[in-house]
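Please look over the model below before reading the notes.

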Amino acid sequence: MDSSPRSSITGKVKRTPWWMKSLTGWSYVIFEMLFQKMQARHLKNPLPLPPLHDVTCIVTGSTSGIGLETARQLAVSGAHVVMAVRNQSAALDLIMKWQDERHGTSLLSVEVMELNLLSLASVVRFARAWNLRSKPLQVLINNAGIFSMGEPQKFSEDGYETHLQVNFLAPALLSVLLLPSIIKGSPSRIINVNSIIHYMGFVDTDDMNFTSGKEKFNSTKAYSSSKLAQVMFNSVLQKRLPPEAGTSVLCVSPGTVHTNVARDLPKLVQAAYNLIPLFLFSAQEGSRSALYAATAPEIPEYCKALKADEWPTCAYISHDCRPTRAAIEAHNTRAANEVWEKTLDMIGLPLDAVEKMIQGEEVMCKYRDS
């Protein structure tokens, strides 16, 4: 249901002023940081996982932080893990380290494939290479992301603002292009690592790049808006996939995590960030929501129930591995459909791309190699 307030004159959705959204959003972040360990005290660390010997998982951004822990724990539990990363040598070093830590026990099933989310052509190459194997894919975890706090506006080689591309556009393209393999791996799951900061986001489909001058750019606006767009797009994707596809689409919040994001923060903020480790999750703790979404047996039924009840958003799992509500803006189905259509245009796919892929038809992306 679209319950967003609208102007009686223009019919357009009224947007809450940024200062008000920012104040509200940071209050959520502070509350989460202060109480997340208490809220998640029922969870073990590391999260116990079931045997995953017949499961294949692709994890983006898996050479550091949450992605590293997610990939490692999936592999240790028996899954075949594909580390989709830019720095292949770092990934190979990690595999050797993980294997050495096992002291001669069975070999981990891990491979490395190149993926640069700052290049949509790289996403197309990755998806094509994987789909050509004609192997099922049970789990895709879109983990990679950036938050260049305080940095000036930057653009990818495709002309898109970098937070928008890395956090949202490239993962959206990857999810759609991998659908043939994901459906083949049914029951399967598409998991998007999101953030509580999406509560302060807004999405203007006429200015997703922050270039029109209507809204002054800052990295917090860009990051939060990319994460809100992620929830909205994946909510439509879940609705577009028929029950027989057997695919669950989720967003998860890892909590407030002590990761490499601090290196992008101002020095003063870095100092404060490093003074509060008792409140922050470790990367291992932060990986639990994604691991839960990837492996918990109740997830498919939960997602089916939401869809049957016509819930406006995809499933959203909190840092304590419990279902929660996404931001109210994500419940605006009209806006979500606008985000869906704009996104497909930006990533070079036709509006019926998902339907064609479900039917086994080939879909061409304008970012394919010439």
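The points below take the basis of the model, then the strands, then the cavities.

1. This is a predicted model, in which local features need pLDDT of at least 70 and side-chain atom pairs count only at pLDDT 80 or more, while totals for chains, interfaces and linings use all residues. Residues are numbered from 1 along each chain as its sequence is written, and side-chain values use heavy atoms, with hydrogens and water left out.

2. Strand 4 covers residues 139-142; strands (E, at least two residues) are DSSP runs numbered from the N terminus, as are helices (H or I, at least four). Val139 and Ile141 point one way, Leu140 and Asn142 the other, and all are buried, that is, under 20% relative accessible area with a 1.4 Å probe, protein chains only.

3. Strand 4 pairs in the parallel sense with strand 1 (residues 56-60) over 3 bridges, pairing being at least two DSSP bridges between two strands. Strand 5 (residues 188-193) also runs parallel to strand 4, joined by 4 bridges. Leu140 is the bridge partner of Ile58, and the bridge partner of Leu140 in strand 5 is Ile190.

4. There are 3 cavities of 30 Å³ or more. A cavity is a set of points on a 1 Å grid, over the protein atoms alone, where a 1.4 Å probe fits but cannot get out; lining residues have an atom within 4 Å of a point. The largest cavity holds about 80 Å³, volume being the space filled by probe spheres set on the points.

5. Helix 7 (residues 219-240) gives the largest share of that cavity's lining, 4 residues. The lining includes Glu161, Phe202, Asp204, Asp207 and Ser225.

Technical notes: Buried < 20%, exposed > 50% of the residue type's maximum accessible area, 1.4 Å probe, protein only. 1 Å grid on protein atoms, 1.4 Å probe; cavity = no way out; pocket = protein on both sides within 12 Å on 5 of 7 lines; lining within 4 Å.
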